Amino acid sequence: MCSGRVDMAFVLRAFSDGADGVIVCSCRPGECHYVPQGNYNAFSMMPLAKKLLEYIGMDPERLRLEWLSASEGSRFAGVVTDFTHKLNELGPLGKGEGIDQNELKPKLQDVVRLIPYIKMVKREKLALHLDNVEEYNELYTSEEIESLFSEVVSYYIDPEKCQACGICRKKCPVEAIVGGKNQIHVIDQEKCIKCGTCFESCPPRFGAVKKISGEPVPPPIPEEERTLIRKSKEK
């Protein structure tokens with residue numbers, strides 16, 4: 001019911017599934033029915049989403065935010081008609097940008113997988129409720145988005161330090177950590193959303209989870225070498 005509930009991942013998944021355009025309809029500033037004002041969450045999300053589209057080579061005009069109330073049926077019809085005409089001018093998704101669909105879809109899926117990380121890194125800007133709505137368009141620069149991806153953080157479990165305590169595995173919100181009792185844990189980088197929960201939950205006395213920025217993650221230890229051999233205490 002609230003535009004503030006429209007996550008960036010929803011928008012990007014729609015494009016990944018072949019939508020030529022996405023339109024988000026929101027209450028006008030000062031008219032939100034929810035507290036805190038959910039429409040401001042949508043306002044702060046949209047410019048970042050547009051910059052992400054630009055980053056992967058898409059025309060940001062394929063994404064539009066419109067202020068509409070539930071009683072404005074005629075205006076809604078007009079807005080949709082206008083948006084449809086605009087999409088016809090832009091052409092089919094990818095073709096209008098000169099990008100092959102087989103190239104574009106993996107790019108969209110890669111960004112979708114990073115949305116939790118992006119929201120965490122940009123949480124302060126995403127939480128802003130600015131008086132002048134136009135100021136939202138100035139929140140993010142192209143250089144800022146470039147650095148966001150070039151400096152993306154990854155997490156790696158050092159097999160020499162992992163004690164197979166299971167804390168990080170149990171707390172991982174997407175079950176991206178593989179391991180078991182007396183088995184060195186490994187992070188599945190394809191599933192990892194880079195939220196840092198494993199890094200924060202690993203006991204300091206172990207310090208097994210490493211935070212890596214701007215560098216490739218070391219390959220995982222082979223499965224046959226993951227059994228943890230504990231040293232017996234001397235009597």
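Tutor: Here are a few questions and answers about this structure.

Tutor: This is a predicted model, where local features need pLDDT of at least 70 and side-chain atom pairs count only at pLDDT 80 or more, while totals for chains, interfaces and linings use all residues. Residues are numbered from 1 along each chain as its sequence is written, and side-chain values use heavy atoms, with hydrogens and water left out.

Student: Why is serine 201 called buried?

Tutor: Buried means under 20% relative accessible area, exposed over 50%, and partly exposed in between (1.4 Å probe, protein chains only). Serine 201 has 14% relative accessibility, so serine 201 counts as buried.

Student: Where is serine 201 placed?

Tutor: Serine 201 is in helix H8 (residues 197-201); helices here are DSSP runs of H or I with at least four residues, and strands are runs of E with at least two, numbered from the N terminus.

Student: Which backbone oxygen does the side chain of serine 201 reach at 2.9 Å?

Tutor: That of threonine 197. The side chain also reaches the backbone oxygen of cysteine 198, at 3.3 Å.

Student: What does serine 201 touch, not counting residues up to four places away in sequence?

Tutor: Ile167, Cys168 and Lys171, where contact means heavy atoms within 4.5 Å.

Student: Which residues is isoleucine 118 in contact with, leaving aside neighbours within four places in sequence?

Tutor: Isoleucine 118 is in contact with Leu48, Leu52, Val111, Leu148 and Phe149.

Methods. A polar contact is a pair of N or O atoms within 3.5 Å; within protein, one must be able to donate a hydrogen and the other to accept it, and residues adjacent in sequence count only if both atoms are side-chain atoms.
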